[in-house]
Amino acid sequence: MLSKEQRQKRIQDIIARDAISTQAELVERLRAEGIGVTQATVSRDINELRLVRLPIGKGRHRYALAQVAGHEGVEEELSRLFQNFVRDVDRGENVLVIRTADGHATGVALLLDRLRRDDIVGTIAGEDTIFVVARTTAEGEALMEELHALMLG
């Protein structure tokens with residue numbers, strides 16, 4: 001039986017080599033290699049590894065490690081993701097809710113986290129929804145305007 005670290009290393013190796021687009025495919029691939037996992041375990045691994053789903057054309061996607069270097073690269077990639085995958089940004093006081101296309105919330109949240117902004121306390125991402133906690137209501141309002149601008153390009 002593999003340790004969590006060994007299993008996650010295998011996941012990284014598999015997605016680096018093959019175009020894996022769903023958790024079910026990844027579970028199947030791991031099981032084919034004799035690694036017994038559940039989809040819940042793979043889902044947790046994907047979140048912990050902060051994997052993102054990248055478009056590969058014709059409406060298809062693949063998992064990949066988020067690879068963004070430097071603050072400027074993060075901003076450029078965040079802008080691209082907002083234009084392509086963010087559907088809506090809403091706000092209640094200092095909490096923002098970002099709706100994305102299915103499977104893209106984790107990647108967008110990762111980039112928001114990498115900005116290391118003082119006005120963002122933290123993010124929580126699901127499959128298609130991200131909660132962003134701004135430090136204050138005023139900063140939440142300013143952040144929402146900024147994120148709307150990213151959506152529009």
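These legends describe close-up views of a predicted model. Local features need pLDDT of at least 70 and side-chain atom pairs count only at pLDDT 80 or more, while totals for chains, interfaces and linings use all residues. Residues are numbered from 1 along each chain as its sequence is written, and side-chain values use heavy atoms, with hydrogens and water left out.

**View 1. The open sheet has four strands in the order β3-β4-β6-β5.** The pairing is antiparallel; two strands pair if DSSP finds at least two bridges between them. Strands (E, at least two residues) and helices (H or I, at least four) are DSSP runs, numbered from the N terminus. At the edges are β3 (86-92) and β5 (120-125), each pairing on one side only. From one strand to the next, the twist averages 20°.

**View 2. Strand β4 (residues 95-100) pairs with β3 over six bridges, in the antiparallel sense.** Leu96 in β4 has Arg91 opposite.

**View 3. Helix α5 (residues 105-114) lies across β3, β4, β5 and β6 (129-134).** Helix α5 runs at about 165° to β5; angles run from 0 to 180 degrees between N-to-C directions, and axes are lines fitted to C-alpha atoms, for helices over the stretch in contact (heavy atoms within 4.5 Å). Helix α6 (residues 137-152) also packs on the sheet, touching β3, β4, β5 and β6, and its direction makes about 165° with that of β3.

**View 4. Helices α2 (residues 23-32) and α3 (residues 39-49) pack at about 110°, with axes 9 Å apart.** The two are therefore roughly perpendicular (65 to 115 degrees). Gln23, Ala24, Leu26, Val27 and Leu30 in α2 meet Gln39, Val42, Ser43 and Ile46 in α3.

Definitions and conventions. Parallel < 35°, antiparallel > 145°, perpendicular 65-115°, else oblique.
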